Amino acid sequence: MSKAALSLELPWVEKYRPHLLKDIVGNEDTIERLKHIAKDGNMPHMIISGLPGIGKTTSIHCLAHELLGDSYSQAVLELNASDDRGIDVVRNQIKHFAQKKCHLPTGKHKIIILDEADSMTAGAQQALRRTMEIYSNTTRFAFACNQSNKIIEPLQSRCAILRYTKLSDEQVLKRLLEITKAEDVKYTNDGLEALIFTAEGDMRQAINNLQSTVAGHSLVNGDNVFKIVDSPHPLIVKKMILAPTLDDSLLILRKELWDKGYSAVDIVTTSFRVTKTLYELKEPQRLDMIKEIGITHMRILEGVGTYLQLAAMMAKLSTHKLSTN
Amino acid sequence: MVSITDFFVKGNAKGAARKKKNDDGGDTKKTTIDIIDLDDSDLDIAEVKSPVKRESIVIDTPPSVKKQIDKVIKKEEKPPSKVPVKNKSSNASVTAADVLATIPSVDLSEVHIKENVKFDFRAAAISGDSEVSTQGDFPEGQDNCLLGLTVVFTGVLPTMERGAAENIARRYGAKVTKSISGKTSFVVLGDEAGPKKVEKIRQLKVKAINEDGFRKLIAGMPADGGDGDAAEKARLKKQQEEARVLKEANEMAEEAEEKELKIKQARLSGDFVKREDLIREQDKLWTVKYAPTNTNQICGNKSSVNKLKNWLINWEASKASNFKSPGRDGSGIFRAAMLYGPPGIGKTTAAHLIAKDLGYDILEQNASDVRSKSLLNAGVKNALDNMSVVGYFKNKDDVNDVNGKKFVIVMDEVDGMSGGDRGGVGILAQFCRKTSTPLILICNERNQPKMRPFDRVCLDVQFRRPDANSLKARLMTIAVREKFKLDPNVIDKLVQATRGDIRQIINLLSTISKTSKNIDHTNISEISKSWEKNIALKPFDIVHQMLSGRIYSDLGANTFTLNDKIALYFDDFDFTPLMVQENYLSTRPSVLKPNESHLEAVAQAADAISLGDLVERNIRSSEQLWGLLPLHAVLSSVLPSSKVAGQFAGRVNFTGWLGQNSKRNKYYRLLQELQYHTRLSTSSNKISLRLEYMSTFKHRLLDPILKDGSDGIPSVISLMDDYYLTKEDWDYIMEFMVGPESTDLLLKKIPSTVKSGFTRKYNSTTHPVAIYRAGVSTTGSTTTVKPDFEDVVDADDSVPATDDTEDGKDDDLKKDKLIKQKKAPVKRKASSTATKKGAAKKKKA
């Protein structure tokens with residue numbers, strides 16, 4: 001047990017965070033480009049955008065480390081949403097850093113990393129505009145954000161925009177296997193499957209869930225993973241919605257969701273999410289179904305989180321399915 | 001030659017087949033048939049004649065055919081632009097030219113087929129089995145095979161999206177325009193083409209082909225657009241362009257060498273070298289490296305650049321005349337200029353280059369500097385009257401260069417003044433009025449309310465997004481210099497993706513070229529997709545997209561998914577529902593189910609909107625159930641739009657809810673006040689006061705004055721005293737009336753002497769006052785004060801003037817001696833000039 005305790009000292013996400021660009025999983029094209037930049041120097045200003053947990057911050061860090069090596073500590077200024085990044089900080093701290101002289105090999109520049117840049121105010125972003133241009137000979141900016149539309153257009157215009165896509169299941173699986181091997185974790189295939197499924201391409205979540213499952217149950221199998229993740233399985237919900245008859249739907253609702261103790265709110269929100277992307281049905285039909293689900297959602301939030309409401313929802317949905325078929 | 005005849009025969013056969021089908025489906029759509037019938041008559045002629053015409057061209061006008069040509073020309077009245085082309089090609093008697101000439105004429109016969117296809121497709125769509133195919137099966141054409149042709153796409157093409165088709169045309173070197181003109185080579189017609197466009201086609205006799213014809217055209221055209229006249233010209237132009245690009249690239253290279261040499265020499269001789277010059281070229285950002293070095297290199301916006309330049313050249317002269325003479329272009333009366341336009345198109349660069357060209361020294365302030373009122377006063381104000389030290393020393397020997405000792409002050413990102421820059425905008429606008437140094441302001445959004453203080457004090461110079469042509473040369477130069485291959489035809493695509501942002505394109509090229517040395521149509525769509533700027537849309541654009549029928553068809557729903565639609569709502573979730581509600585009635589639905597009327601669709605949409613309102617109440621009320629936001633997105637915006645989406649009839653209106661809501665609040669407040677005043681004599685709450693008393697009040701307060709003039713005044717005043725109404729209340733009551741009771745016209749009938757007599761009379765006596773809880777201020781109808789920056793500034797400016805206006809207003813508004821009313825003006829005095837203006841207006845009235 002003591003050995004296990006030791007290995008849990010550091011969150012695995014941190015422990016297995018890649019330190020080199022070549023270790024980063026997924027988005028091969030973009031990473032390839034970053035490798036070229038790391039080799040040749042002259043990093044452009046850039047914005048990396050994409051969903052959480054797909055390696056945005058990690059790749060910026062790797063790039064900065066590979067570019068700057070030992071001078072990382074003095075030539076990099078990193079600010080994230082936990083730091084104050086109001087307009088004053090941009091005008092003072094960031095500008096001063098950009099003006100600072102720093103001895104670097106030719107072709108290397110100081111780097112200012114602004115993580116979670118989409119949470120910066122428009123005013124602060126405005127204040128970055130000319131700074132980025134005037135000091136571009138010595139300082140380059142790297143932004144990481146979830147939604148690139150929260151970055152004002154003038155900044156986007158000054159940057160190379162790199163969009164990261166979701167990781168594929170295989171990529172997540174590969175990484176998980178490496179970790180289970182390194183940590184000597186006992187697992188079953190359906191356990192990993194469940195991890196990958198619940199993570200939806202989010203590597204960080206997959207690793208976190210893996211660690212939680214290991215900490216709680218030591219064996220990673222499907223049941224244990226769902227105990228940890230604890231939300232209705234989208235596939236079951238999908239099965240419930242698409243069931244051929246109302247009886248089937250209700251059976252699934254009763255047996256596989258309600259009796260397992262999932263709360264009505266969780267069931268209904270998962271239904272909403274599933275229905276949104278239910279490509280088996282045509283869009284107008286989906287919209288009508290979403291309307292019914294949403295109304296049930298409202299009722300449940302008003303305090304009537306009963307089985308009756310959910311059953312009524314299913315009944316309504318099945319009439320919608322009938323009417324269009 | 002054989003193939004041509006094949007084409008023709010096939011075309012005819014197809015045409016016949018299609019026509020048959022057309023007859024089958026004919027009874028479903030009446031309106032389209034009308035159009036088609038018209039075309040058909042044309043078509044018949046064309047079908048008969050076109051083979052002849054073709055032959056004639058090929059055979060190089062033997063006499064027997066010549067007659068027929070004449071006939072054809074006479075009958076068809078070919079547009080003049082086309083005839084010369086044909087003659088030329090036949091004179092040239094080059095085989096390639098023949099091919100070129102013949103293929104389009106095949107398409108001509110196809111036009112008619114095309115029209116039939118259009119009809120078929122419609123019928124097919126109605127019966128429900130619309131074919132969904134991708135553009136993957138599109139034939140590969142020769143390089144640049146459409147060179148020199150101008151194409152217009154209109155309507156919905158049967159199997160591909162219009163954008164994709166346009167891209168294909170561009171990829172093969174054609175020029176794609178939006179409107180049909182004499183220069184248009186041919187039109188690709190699709191389903192639901194606008195009636196105007198069809199009319200225009202007929203009018204100008206432009207060749208119209210369908211998607212099939214377009215496919216064949218591409219498959220059949222020779223490389224580089226054959227030998228046609230237009231193609232020749234285009235090719236020539238292309239060559240010239242290429243030559244120019246090469247020349248520029250060489251010049252640039254020479255320049256760079258020269259500069260290097262200079263630096264080397266300077267270093268050897270120990271002279272001072274600017275730090276920036278020591279940085280290796282390859283370590284610079286491309287946007288810096290390839291920034292224009294003189295005004296001629298600025299892409300696009302030539303006239304704007306010239307306007308600014310002229311203004312600056314004439315600045316000293318205008319100053320001498322104290323900015324009184326407008327000069328030739330009217331710019332002589334402005335001490336400051338305001339450049340505005342979207343980012344990345346060279347505003348700042350233009351300002352800097354022009355100032356440098358004219359020998360000015362530049363003092364720049366941008367959003368990274370604090371620009372509050374006090375700091376601007378301390379810093380910039382001094383500079384307004386100063387002289388440049390650098391300029392003074394550099395130019396001391398040169399007596400003629402008067403500008404050398406002068407500054408230009410460049411204020412970048414003026415609209416970026418925010419938070420900490422309190423009062424900055426106001427003080428800057430003041431500087432604009434009195435500066436003795438040229439002042440150039442730069443901003444993105446000129447129309448924002450916070451930029452209003454600059455109205456009429458600056459010369460407005462608009463910068464527009466440059467089009468692809470003005471960028472082409474520059475980008476190609478860069479490509480040559482950086483040694484990667486850039487297909488000129490994809491530049492349009494890049495321009496489109498970045499919305500004309502030059503800087504972004506250069507950034508893009510610099511990043512892409514790191515890994516791939518070849519940018520052409522094989523990888524362009526991927527590139528432009530990932531580089532498309534993602535900007536939160538403005539409410540107008542959101543609603544425009546939301547209500548466009550395209551995204552709700554089966555095909556559209558696959559490319560623009562439900563999630564995308566919901567994301568549209570989240571771009572501005574305060575305004576989207578209101579805007580949808582405002583505009584959902586002004587569409588012509590294209591998504592109606594069979595047997596569904598417009599009204600039914602509207603009813604369903606309205607139902608969804610009302611449900612959405614219920615949800616919103618849950619979200620915004622004390623319950624704060626923000627988890628319901630996605631539901632609100634669907635109910636308030638997506639679902640109603642999906643019912644009525646279609647073509648917009650008219651323009652998108654801004655939501656009227658905001659205005660109506662504040663009006664409602666105002667009346668509610670007034671009613672409250674009336675109820676306080678009258679409650680000693682009435683026994684009703686607010687609502688019944690409005691419903692039961694108000695109309696009687698109106699009659700008894702207004703009719704005597706209308707009927708008896710000044711004689712009716714005493715009775716009115718005594719009634720007012722009975723109900724503890726003030727003179728203001730009298731006005732309010734008149735305002736409340738709507739419909740047939742509306743008092744607007746009646747009030748105008750009262751002679752102004754009677755009106756003022758009424759006021760005087762009322763003010764000359766004392767009146768009973770209902771005392772009520774203090775704190776409910778009597779906010780008049782004019783006080784809708786918006787707290788924003790201008791107010792703050794203006795209030796400072798105009799303090800001395802306030803007293804006069806106040807006095808005047810007091811008389812004028814006929815305030816009586818009640819305590820509360822004396823308070824009100826005091827409050828207003830502090831608040832803003834808006835009230836004062838209102839008061840002044842009233843005075844005039």
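This is a predicted model: local features need pLDDT of at least 70, side-chain atom pairs count only at pLDDT 80 or more; totals for chains, interfaces and linings use all residues.
Figure 1. One of the pairs is R129(A) with E413(B), whose closest N and O atoms lie 3.6 Å apart.

**Figure 2. Elements of chain B that touch chain A.** Several helices of chain B each give two or more residues to the side that touches chain A, among them helix 13 (347-357), helix 20 (502-515), helix 24 (562-571) and helix 26 (598-620). Helix 27 of chain B gives the most to this side, with 8 residues.

**Figure 3. Extent of the interface between chain B and chain A.** Contacts link 71 residues of chain B to 58 residues of chain A. About 5,300 Å² is buried between the two chains, and carbon and sulfur atoms give 53% of this area. On the chain B side, L285(B), K514(B) and L562(B) lose the most area to chain A, together 12% of what that side buries.

**Figure 4. Helix 9 of chain A.** The helix covers residues 169-183, 15 residues in total, and reaches 21 Å from its first C-alpha to its last, close to the 21 Å expected at 1.5 Å a residue. Buried positions in helix 9 are Q171(A), V172(A), R175(A), L176(A), I179(A), T180(A) and E183(A). Seen down the helix axis, these buried residues fall within an arc of 165°, so they line one face of the helix. E170(A), K174(A) and K181(A), on the other side of helix 9, are exposed. D184(A) follows the helix and has a positive phi, near 55°.

Technical notes:
Residues are numbered from 1 along each chain as its sequence is written. Chains are lettered from A and ligands numbered from 1 in the order in which they are written. Side-chain values use heavy atoms; hydrogens and water are left out. Helices (H or I, at least four residues) and strands (E, at least two) are DSSP runs, numbered from the N terminus. The expected span of a helix is 1.5 Å times one less than its number of residues. Buried means under 20% relative accessible area, exposed over 50%, partly exposed in between (1.4 Å probe, protein chains only). The arc is that of the directions from the helix axis to the C-beta atoms. Contact means heavy atoms within 4.5 Å. Buried area is the accessible area (1.4 Å probe) that two parts lose on being put together, summed over both. A salt bridge is a side-chain nitrogen of Lys or Arg within 4 Å of a carboxyl oxygen of Asp or Glu.
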